[in-house]
Amino acid sequence: MTVSAPAPDLDDMRAIIAQHTHLEGPLLPILHAFQDVFGHVPESATPLIAEALNISRAELHGVISFYHDFRENPAGRHVLKICRAEACQAVGGDALADATLRKLGIDWHGTTANGAVTVEPVYCLGLCACGPAAMMDDKVIGRVDGAKLDQLLAEVGA
Ligand code: FES
């Protein structure tokens, strides 16, 4: 996944919001639209969304941070998701994730200094019988171990 988000433009952002305000429950569709267009929900969009939907910025921030799919910052050129759900935890997923984050020197949702990869948690990839599971961009990978992750990260230049 290559994310080269265009610079957010106020008119573009207002247009995205306007396309969804007629919907019942427009907030999630608006956030998904921002994510699709910009690769994240730009901070400069939050006052526009809050005003359009008559909600507080704190409320909006709560929604954005509750849903793991929404980003408040642009992602790296690749996105590695590591499963943190129970079945993967039971077979070492947490230790694998901790070691990976430590090795890359980032925390969850962080991006490596060279912009190569962002690491995000995911809660089940449907590979529960083959955990620990991960996903690099759109490719899901089962039975991930340190060596396999090192190889994946090397392939994307992390
Ligand atoms: S719990 Fe990890 S893939 Fe389902």
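Author: A residue is called buried if its relative accessible area is under 20%, exposed if the value is over 50%, and partly exposed in between, with a 1.4 Å probe and protein chains only. The model is predicted, with local features needing pLDDT of at least 70 and side-chain atom pairs pLDDT 80 or more, whereas totals for chains, interfaces and linings use all residues. Residues are numbered from 1 along each chain as its sequence is written, and side-chain values use heavy atoms, without hydrogens and water.

Reader: Why is C83 called buried?

Author: The relative accessible area of C83 is 2%. The limit for a buried residue is under 20%, and C83 therefore counts as buried.

Reader: What makes C124 partly exposed rather than buried or exposed?

Author: C124 has a relative accessibility of 37%.

Reader: Where does C124 lie?

Author: C124 is placed in the loop between β2 and β3. Such labels follow DSSP runs numbered from the N terminus: helices are runs of H or I with at least four residues, and strands are runs of E with at least two. The loop between β2 and β3 (134-136) also holds P132, and the peptide bond from G131 to P132 is cis, with omega near -10°.

Reader: How many disulfides does the model have?

Author: A disulfide is taken to be a pair of cysteine sulfur atoms within 2.5 Å. By this rule the count is zero.

Reader: Why is R143 called exposed?

Author: R143 has 54% relative accessibility. Exposed residues have values over 50%, so R143 belongs to that class. R143 sits in the loop between β4 and α7 (146-155), and its phi is near 45°, a positive value in a residue other than glycine.

Reader: What is the class of L149, buried or exposed?

Author: L149 has a relative accessible area of 1% and is therefore buried. This residue is found in helix α7. Its C-alpha atom is separated by 34 Å from that of I30, which is 119 residues away along the chain.

Reader: What makes β1 and β2 neighbours in the sheet?

Author: Two strands pair if DSSP finds at least two bridges between them. Six bridges join β1 (residues 78-83) to β2, and these strands run parallel. Within this pairing, I82 has P121 as its bridge partner, and C83 stands opposite V122. β1 is also joined to β3, by three bridges in an antiparallel arrangement, with K81 opposite M135.

Reader: Which strands form the edges of the sheet?

Author: The open sheet has four strands in the order β2-β1-β3-β4, with mixed pairing. β2 and β4 (139-141) are the edge strands, as each pairs on one side only. Neighbouring strands of this sheet are turned by 20° against each other on average, direction ignored. The angles are taken between axes, which are lines fitted to C-alpha atoms (for helices over the stretch in contact), and run from 0 to 180 degrees between N-to-C directions.

Reader: Why is β2 described as largely enclosed?

Author: Six of the six residues of β2 are buried, so the rest of the structure largely encloses this strand. V117, V119 and P121 point one way from β2, and T118, E120 and V122 the other way. β1 is likewise mostly covered, with six of its six residues buried. H78, L80 and I82 point one way from β1, while V79, K81 and C83 point the other way.

Reader: Which residues lie nearest the centre of the second largest pocket?

Author: F70, R71, E72, N73 and H109 do, within a lining of 14 residues. On a 1 Å grid over the protein atoms alone, a pocket is an open set of points with protein on both sides within 12 Å along at least five of seven lines, whereas a cavity is a set where a 1.4 Å probe fits but cannot get out; lining residues have an atom within 4 Å of a point. α4 (57-66) and β2 (117-122) each supply at least two residues of this lining.
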